[in-house]
Amino acid sequence: YLERLQGYLSVVILGNESVIPQDINKELQDVEIKRIYSESLYEECWLFMKEIWNNGTSRAVLTTPRHADIYRAYQIAMDEGLPMVVCRGNVTSASIEAIEEMTKSNTSLTQVTVVGRVEDDYMRALREAGVLLKEVSA
């Protein structure tokens with residue numbers, strides 16, 4: 001896999017060193033490597049979204065960790081070309097900051113499709129940032 005990564009200027013790694021060892025930095029010396037890792041999948045999703053959609057996205061999909069909800073959310077995300085956030089783990093200050101930044105980017109986050117019964121803690125930061133929440137059933 002290293003040969004395929006050589007042509008990239010930057011790489012984002014999701015997960016800690018047990019997923020991809022720190023030695024990768026030595027192997028890919030000319031590539032900018034950013035690692036996103038958190039105990040909260042919710043935080044990782046928002047940080048990854050902020051990194052990849054650096055010019056912003058106006059919409060996203062939010063889902064519970066239930067398999068049926070993830071499947072439905074994935075269908076919506078794929079059909080509409082949207083990023084997806086899985087609500088598992090804590091709502092952290094880093095995830096709140098990412099949401100706030102995305103509501104102020106070139107293309108600001110204005111609407112999130114919510115799949116399943118997502119707990120209010122996950123949606124509070126979105127509401128406070130002025131994001132419209134559109135609920136759909138799984």
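A crossing of two helices is left-handed if the near helix is turned anticlockwise from the far one by less than a right angle, and right-handed if clockwise. Helix α3 passes helix α5 in a left-handed crossing.

Before I go on, the sources. This is a predicted model, in which local features need pLDDT of at least 70 and side-chain atom pairs count only at pLDDT 80 or more, while totals for chains, interfaces and linings use all residues. Residues are numbered from 1 along each chain as its sequence is written, and side-chain values use heavy atoms, with hydrogens and water left out.

Helices (H or I, at least four residues) and strands (E, at least two) are DSSP runs, numbered from the N terminus.

Back to the pair. Helix α3 covers residues 41–52 and helix α5 covers residues 93–102; their axes are 8 Å apart, at an angle of about 30 degrees. Axes here are lines fitted to C-alpha atoms, for helices over the stretch in contact, and angles run from 0 to 180 degrees between N-to-C directions. Angles under 35 degrees count as roughly parallel, over 145 as roughly antiparallel, 65 to 115 as roughly perpendicular and the rest as oblique. So α3 and α5 are roughly parallel to each other.

Contact means heavy atoms within 4.5 Å. On the α3 side, the residues that meet α5 are Tyr42, Glu43, Trp46, Leu47, Met49 and Lys50, and their partners in α5 are Ala94, Ser95, Ala98, Ile99, Glu101 and Met102.

Now burial: buried means under 20% relative accessible area, exposed over 50%, partly exposed in between (1.4 Å probe, protein chains only). Which residues of α5 are buried? They are Ser95, Ala98, Ile99 and Met102. These cover an arc of only 100 degrees around the axis, so they sit on the same side of α5. The arc is that of the directions from the helix axis to the C-beta atoms. An α-helix has 3.6 residues a turn, so residues three or four places apart point the same way. The cover over the buried residues of α5 includes α3 and α6 (120–128).

Helix α6 has its own buried residues: Tyr122, Met123, Ala125 and Leu126. They fall within an arc of 150 degrees, so they line one face of α6. They pack against α3, β3 (59–63), α5, β5 and β6 (132–136).

Last, strand β5, residues 111–115, which holds threonine 113. Threonine 113 counts as buried because its relative accessibility is 4%. Leaving out residues up to four places away in sequence, threonine 113 touches Ala60, Val61, Leu62, Ile76, Lys134 and Val136.
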